[in-house]
Amino acid sequence: MHIVADDNIPLLNAFFSGHGRLSVFPGRQLKAVDLMDADVLLVRSVTWVDEALLSGTPVRFVGTCTIGTDHLDLAWLASAGIQVASAPGCNARGVVEYVLSCLLTLAERTGQRWQERVVGIVGVGQVGSRLAATLAALGVSTLLCDPLRAEAGEPGFVGLEELLARADVVSCHVPLSASGAHATRHLFGEQRLQSLRQGAWLINSSRGPVIDAGALEHVLSQRNDLQVALDVWEEEPLVSSSLAARCALATPHVAGYSLDGKLRGTEQIYQAFCDYLGEPFQHQLANLAPLTGQARLELAASPPADWALQKALRCVYDVRDDDARMRQMLQQAQTAPDSAAACRTGFDRLRKNYPLRREAPLLSIGLSSAASADLKTWLQAAGFSLD
């Protein structure tokens with residue numbers, strides 16, 4: 001069996017080498033010629049998998065080690081009899097930590113307490129539901145918008161227009177769909193962007209085309225009150241430097257890029273692959289995950305709960321670091337002879353060479369006996385291990 005995979009998938013050898021020959025390629029450069037004797041294709045979000053890539057190849061199993069599947073032509077793959085698997089929820093915790101870091105940073109820059117702002121969550125699937133639960137445990141008021149769940153009769157959801165009218169923060173977690181009753185491409189166009197509340201914060205860590213980039217830049221040119229954090233871009237890996245300059249935070253599609261999220265994605269696809277073969281699982285992530293990046297934080301006495309939570313969250317992830325790297329890359333690209341090509345290359349390089357990032361459960365926090373109940377509750381709500 002020949003398995004072809006994106007070279008940015010961790011633990012490939014550990015999980016898949018026992019099933020045959022393994023070949024790796026940069027995901028965005030993968031071509032049909034690379035698959036002419038391949039049985040299995042493993043990708044992440046940068047590889048468009050469709051008839052043009054797979055027609056005439058022996059590939060019969062495609063696994064994407066990501067939550068989203070908008071880079072897969074699911075209709076064609078089904079018609080061709082090709083088994084498809086994705087990894088729902090694999091990076092949900094990492095995205096939640098990204099959003100929390102954005103909230104901390106925007107609160108610092110605006111002088112407002114993020115815990116007192118109403119957060120509207122658009123798309124309440126694997127990531128959105130995890131974010132909602134975390135914020136609720138932290139005492140933050142939320143509004144939830146998910147038309148599909150609302151239409152299924154589930155309570156507790158509001159329409160998008162009501163959410164925009166009431167929310168101080170809007171965080172997007174919808175899949176990308178271009179057609180149908182619930183299409184999300186340009187879900188946020190000029191009108192909806194203009195309807196954001198005065199001083200609102202907009203965070204998009206779902207898919208770039210969910211927001212009309214041209215409309216957003218136009219709105220931001222008129223409204224200095226808005227604070228926008230973009231992790232995803234409409235034409236990525238090409239990023240509009242003028243739009244990025246107007247954003248409070250700009251990052252290169254790394255919201256869920258924790259090592260732990262990637263590892264869970266690999267394991268989920270490995271398990272789906274074993275199911276496809278009708279074989280038992282031979283490997284478990286618990287036995288393969290590296291210990292690198294685990295840490296311990298000691299909090300003496302009884303510090304204020306909000307300060308301690310901020311300190312702990314920034315020990316595991318600080319969005320300001322990714323924002324700084326992104327802006328440096330864009331600045332360098334602007335001076336290159338072909339700035340667009342330099343931006344595309346630089347964007348992918350930031351993702352491929354991403355620094356080690358572990359999640360909250362890998363940070364053990366030592367508390368004194370004087371620690372307040374609120375502090376313990378908040379740290380546990382954010383996912384930290386206490387002792």
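Predicted model: local features only at pLDDT ≥ 70, side-chain atom pairs only at ≥ 80, totals over all residues.
1. Three strands make up an open sheet, ordered E12-E13-E14, and their pairing is parallel. Strand E12 (295-299) and strand E14 (385-386) are at the edges with a single partner strand each, so one side of each has no neighbour in the sheet. In general, strands of a sheet pair through backbone hydrogen bonds.

2. The E13-E14 pairing. Strand E13 covers residues 363-367 and pairs with E14 in the parallel sense over two bridges. Ser364 has Ser385, in E14, as its bridge partner.

3. Helices on the sheet. Helix H13, residues 305-316, packs on the sheet and touches E12 and E13. The direction of H13 makes about 165 degrees with that of E12. Helix H16, residues 373-381, lies across E12, E13 and E14, and runs at about 175 degrees to E13.

4. Aromatic pairs, and Phe16 with Phe273. The structure holds eight aromatic pairs. One of them joins Phe16 and Phe273 in a tilted arrangement, with 5.7 Å centre to centre and 55 degrees between the planes. Phe16 belongs to helix H1 (residues 12-16) and Phe273 to helix H11 (residues 259-277), so the pair ties together parts that are 257 residues apart in sequence. Phe16 counts as buried because its relative accessibility is 0%. Phe273 is likewise buried, with a relative accessible area of 0%.

5. Tyr98 with Tyr317. This aromatic pair is also tilted, at 6.1 Å centre to centre with 35 degrees between the planes. Tyr98 sits in helix H4 (residues 92-110), while Tyr317 is in the loop between H13 and helix H14 (319-334). The two residues are 219 residues apart, and their pair links distant parts of the chain. Both Tyr98 and Tyr317 are buried. Tyr317 has a further contact: Arg357 lies over the face of its ring, at 3.9 Å from the ring centre.

6. The aromatic cluster. Which residues do ring pairs link into a cluster? They are Phe15, Phe16, Phe61, Tyr270, Phe273, Tyr276 and Phe281.

7. A lysine over a ring. Lys262 lies over the face of Tyr257, at 3.8 Å from the ring centre.

Terms used
Residues numbered from 1 in each chain as written. Heavy atoms only, no water. Pairing = 2+ DSSP bridges. Helix = DSSP H or I, 4+ residues; strand = E, 2+ residues; numbered from the N terminus. Contact = heavy atoms within 4.5 Å. Axes fitted to C-alpha atoms, helices over the stretch in contact; angles between N-to-C directions. Phe/Tyr/Trp six-rings, centres within 6.5 Å; stacked < 30°, edge-to-face > 60°. Buried < 20%, exposed > 50% of the residue type's maximum accessible area, 1.4 Å probe, protein only. Lys NZ or Arg CZ within 6 Å of the ring centre and 35° of its normal.
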